Amino acid sequence: MNSIFSIHTWRFFALVILQVLIFNHINFLGYINPYIYILFIALFPVKNNRIILILLSFFLGIIIDFFLDTGGIHAAACVFIGYVRPVALKFSFGTIYEHQTVKFNSVDFGAKLNYLTFLTIMHHLMLFSLEIFNFSKIILVLQKTLFSSIFTILLCITINIIFSRKAK
Amino acid sequence: MQQIINFIIRNKNFLLFLLLFGISILFTVQSHSYHKSKFINSANLLTGGVYNSINNISGYFNLKSQNQLLVEENTRLRSLLRNSIIKLGSTFIDSLSFDETYKFYNANIIKNSYSLTNNFLTINKGKNDSIKQDFGVISSKGIIGIIDKTSANYGTVLSILNTTSRISAQLKKTNHFGTLTWNGKSPQLIQLIDIPKVAKFKVGDTIITSGRSSIFPKKIDIGTVESFKLDDAENYYQIEVKLFNDMTNIEHVYIIENIEVKEITNLEKSQNE
């Protein structure tokens with residue numbers, strides 16, 4: 001329990017620092033940035049209390065907001081995916097999730113890709129519609145969501161492969 | 001009573017979600033209205049400190065281009081100085097010195113941002129350096145934005161690349177003025193709207209600040225006309241302005257304080273009554 005706790009604490013702060021200092025300055029083609037900090041929410045242990053996850057998502061989002069001067073858009077998007085995560089789990093892992101035995105190191109790659117894609121698109125759609133806050137610019141929202149999602153998913157999968165320990 | 005408590009316990013996840021989501025939306029809405037983002041900004045001690053220490057390191061990477069910019073400005077100022085010495089003694093009004101009305105401070109950008117639709121920059125000067133809200137911020141090439149929030153040692157700047165920013169600007173040739181806005185698309189182009197249909201101009205003309213607000217002095221460069229069209233009602237021009245500034249690469253900026261701003265606002269207030 002203790003080691004799991006400390007792993008997630010480290011992951012929280014490491015992802016915030018990486019996001020703020022590196023990944024927000026990529027600006028690929030002028031505006032495309034990956035938002036890799038959602039990995040924290042995605043990889044949070046399944047068995048834990050939902051309340052804790054929702055609260056932690058909020059704090060994660062609000063810290064990112066502090067750094068980026070973006071009001072509350074990251075907090076809102078994070079809380080949203082923190083709340084809908086069980087839906088995503090059920091959607092992509094099916095029966096394994098029903099038995100509460102999902103371990104992110106041992107599930108097969110396709111299901112994991114599915115799961116991350118679902119969460120990323122939810123998060124980005126929420127994030128960009130709040131950032132632009134204008135229904136008449138819906139094309140811009142969708143365009144930003146699409147490009148940033150591709151970037152985020154690629155990076156998340158890469159990070160996941162690099163840092164995952166072999167499941168025994 | 002029992003039922004209410006049961007309801008709360010049964011739906012605690014959803015209620016917590018609603019509560020936190022509501023708080024976030026509140027912060028978002030606040031940040032969309034000008035000058036209202038109460039405490040979610042990067043001018044506080046923690047975030048300012050982190051950005052400052054990182055800027056100490058990353059500042060070395062573009063020393064060369066920043067030095068080039070400063071050298072260019074020095075050259076320009078030196079030539080101005082020379083010209084004004086020659087003309088001394090004749091009845092000559094130097095339009096570039098702002099007498100004693102404006103005070104200048106220098107600062108460094110420690111956090112730049114241009115890819116969002118509402119961009120804020122962070123600078124390393126704050127209340128301790130007598131920087132306050134609504135001071136103008138310019139670079140050697142043109143305007144950058146307006147001071148939004150200040151803490152003891154840091155400040156945030158509402159960039160011109162912000163869809164809520166409104167700055168008064170005019171054509172250099174004639175005195176037709178309009179409002180600068182940004183549509184959130186390209187960091188090189190901003191939009192000048194409400195220029196009357198009678199104004200005559202062509203592509204390549206210079207746009208400057210109008211000096212009609214108490215924030216910026218008159219005749220600070222902004223950019224050149226890239227293209228223009230009439231708006232939907234066909235009464236006003238919408239001009240795409242190409243900025244002189246490269247907003248993606250700025251480091252040294254100047255902050256302008258208008259010393260007589262209190263007098264101006266008092267006068268305007270007394271007229272309204």
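1. In this predicted model, the interface of chain B and chain A holds 1 salt bridge by the rule applied. The partners are Lys111(B) and Asp69(A), whose side chains meet at 2.8 Å, N to O. Over all chains, a search of the whole structure gives 4 salt bridges. Lys111(B) belongs to strand 1 (residues 102-111) of chain B, while Asp69(A) sits in the loop between helix 3 and helix 4 of chain A, so this pair joins two chains.

2. The interface as a whole draws 35 residues from chain B and 35 residues from chain A. About 3,100 Å² is buried between chain B and chain A, and carbon and sulfur atoms give 70% of that area.

3. Within chain A, helix 3 (residues 50-68) and helix 4 (residues 73-93) pack with their axes 7 Å apart, at an angle of about 160 degrees. Because angles over 145 degrees count as roughly antiparallel, helix 3 of chain A is roughly antiparallel to helix 4 of chain A. The crossing of these two helices is right-handed. The contact residues of helix 3 of chain A include Leu53(A), Ser57(A), Gly61(A) and Asp65(A), and those of helix 4 of chain A include Cys78(A), Gly82(A), Arg85(A) and Pro86(A). By class, the residues of this contact are 12 nonpolar, 4 polar and 3 charged.

4. Helix 3 of chain A also packs on helix 2 (residues 12-32) of chain B, with an angle of about 10 degrees and axes 9 Å apart. Helix 3 of chain A and helix 2 of chain B are therefore roughly parallel to each other. From helix 3 of chain A the contact takes Arg50(A), Ile51(A), Ile54(A), Leu55(A), Phe58(A) and Ile62(A); among the residues of helix 2 of chain B are Lys12(B), Leu16(B), Ile23(B) and Phe27(B). This contact of helix 3 of chain A with helix 2 of chain B has 10 nonpolar, 2 polar and 2 charged residues.

5. Helix 2 of chain B meets helix 4 of chain A as well: their axes come within 7 Å and cross at roughly 160 degrees. That angle makes helix 4 of chain A roughly antiparallel to helix 2 of chain B, and the crossing is left-handed. Helix 4 of chain A contributes Ile73(A), Ala75(A), Ala76(A), Val79(A), Phe80(A) and Tyr83(A), which meet residues of helix 2 of chain B including Phe14(B), Phe21(B) and Thr28(B). The contact of helix 4 of chain A with helix 2 of chain B divides into 10 nonpolar and 3 polar residues, with no charged residues.

Definitions and conventions. Residues numbered from 1 in each chain as written. Chains lettered and ligands numbered in written order. Predicted model: local features only at pLDDT ≥ 70, side-chain atom pairs only at ≥ 80, totals over all residues. Heavy atoms only, no water. Axes fitted to C-alpha atoms, helices over the stretch in contact; angles between N-to-C directions. Helix = DSSP H or I, 4+ residues; strand = E, 2+ residues; numbered from the N terminus. Parallel < 35°, antiparallel > 145°, perpendicular 65-115°, else oblique. Left-handed = near helix turned anticlockwise from the far one by under 90°. Contact = heavy atoms within 4.5 Å. Nonpolar A, V, L, I, M, F, W, Y, C, P; charged D, E, K, R; others polar. Buried area = accessible area lost by both parts, 1.4 Å probe.
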